[in-house]
Amino acid sequence: MLIAEIGVNHIGKKRNVNHFVNKLINSNIDGITFQVIKPEILAKLSLKELSKEFYEKKILQIKKSKKKIGIAINNISMVEFFDKQKIDFWKVLSIDFYNKKLIKKLVQTKKKIYISTGFSSSNDIIRMSQIDKNINFIHTSLSSKIEDTNLSAIKSLKYKLGNKISFGLHSKDIDVIYASIFYEPESIFFYVKNSKLKKIYDDKHAIELSNLNAKVKKINYLKKAIGNSKKIKISFKK
């Protein structure tokens with residue numbers, strides 16, 4: 001799946017959320033995530049908390065469009081609310097990789113869980129995988145340096161854990177997303193942004209909404225180059 005993450009790039013304004021959602025449901029991405037974080041963190045970022053009623057409307061709109069809807073959640077008090085909205089999956093942010101209280105709460109919902117691994121080691125990931133079969137992992141590096149992207153970790157983690165490794169774009173060189181395709185991650189997560197807004201929290205590693213369809217088209221085109229791994233003999237007529 002190709003998952004577009006709005007994050008907090010809507011800067012807490014409903015009209016911006018509406019713009020993001022309208023653009024995304026008319027694109028060729030497979031899923032969308034909202035980021036729901038603790039009120040005290042929102043306060044530090046000078047962001048307003050979106051209402052439950054507004055989330056209900058947006059989730060319904062996304063579901064009607066046949067896109068998957070996920071919640072990147074940091075606020076444990078909101079888990080039950082979003083579970084009742086019948087979302088498709090959860091995402092655990094890198095800062096909560098070791099937050100077992102949150103993760104166990106999500107496990108109880110029996111929905112697929114993606115955990116971002118930006119701060120963790122391979123051994124930490126393997127130990128965490130033993131908690132529940134619904135846990136998947138997103139390989140990402142919180143460094144913006146291209147040499148720290150370490151895409152080969154997708155291959156090694158897939159060998160150890162099976163096909164439960166996705167990729168999260170966090171490089172300022174957006175074209176890294178094309179290279180990730182050839183490691184065949186289960187899903188690809190990337191932030192999206194509207195450059196017309198004055199303030200953008202996930203900026204350098206986010207894909208501009210106006211460029212999204214072109215990026216998705218190229219990703220789907222390049223996937224064709226992977227093939228089926230079988231080498232067949234080609235005969236030439238004399």
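Me: What volume does the largest cavity have?

Reply: Rolling a probe the size of a water molecule over the atoms shows where empty space is left. In this predicted model, the largest cavity comes to about 100 Å³.

Me: Which residues line the largest cavity, and how do they divide by class?

Reply: The lining includes Val-8, His-10, Gln-35, Ile-37, Leu-42, Leu-47, Lys-48, Glu-49 and Tyr-55. By class there are 7 nonpolar, 3 polar and 2 charged residues.

Me: How does the lining of the second largest cavity divide?

Reply: That lining has 1 nonpolar residue, 7 polar and no charged. Among its members are Thr-140, Ser-141, Ser-143, Phe-167 and His-170.

Me: Where does the largest pocket have its centre, in terms of residues?

Reply: Gln-35, Leu-93, His-170, Tyr-191 and Asp-202 lie nearest the centre, out of 22 lining residues. The pocket's volume is about 450 Å³. Its lining is made of 12 nonpolar, 7 polar and 3 charged residues. Gln-35 also lines the largest cavity, and His-170 also lines the second largest cavity.

Me: Now the packing. Which residues touch the most other members of the largest nonpolar core?

Reply: In soluble globular proteins, nonpolar side chains tend to be buried together. Here the largest core has 60 residues, and Phe-34, Ile-73, Phe-82 and Phe-190 touch the most other members. Helix H1 (residues 14–25) gives the most to this core, with 5 residues. Apart from it lies another core, of 7 residues, including Ile-37, Leu-42, Leu-47 and Leu-93.

Me: What does Phe-34 touch, leaving out residues up to four places away in sequence?

Reply: Its contacts include Val-17, Val-21, Tyr-55, Lys-58, Ile-59, Ile-62, Ile-69 and Ile-71.

Me: How should I read a helix, and which residues of H5 are buried?

Reply: An α-helix has 3.6 residues a turn, so residues three or four places apart point the same way. In H5 (residues 100–107), the buried residues are Leu-102, Ile-103, Leu-106 and Val-107. Viewed down the axis of H5, these buried residues fall within an arc of 140°, so they line one face of the helix. Lys-101 and Lys-104, on the other side of H5, are exposed.

Me: What covers the buried residues of H5?

Reply: The cover includes strands E3 (68–73), E4 (89–92), E5 (112–116) and E6 (135–139). Helices H4 (79–84) and H6 (122–129) are also part of the cover.

How values were computed:
Residues numbered from 1 in each chain as written. Predicted model: local features only at pLDDT ≥ 70, side-chain atom pairs only at ≥ 80, totals over all residues. Heavy atoms only, no water. 1 Å grid on protein atoms, 1.4 Å probe; cavity = no way out; pocket = protein on both sides within 12 Å on 5 of 7 lines; lining within 4 Å. Points joined across faces, edges and corners; volume = space filled by probe spheres on them. Nonpolar A, V, L, I, M, F, W, Y, C, P; charged D, E, K, R; others polar. Core = buried A, V, L, I, M, F, W, Y, C linked by side-chain atoms within 4.5 Å. Buried < 20%, exposed > 50% of the residue type's maximum accessible area, 1.4 Å probe, protein only. Helix = DSSP H or I, 4+ residues; strand = E, 2+ residues; numbered from the N terminus. Contact = heavy atoms within 4.5 Å. Arc of directions from axis to C-beta.
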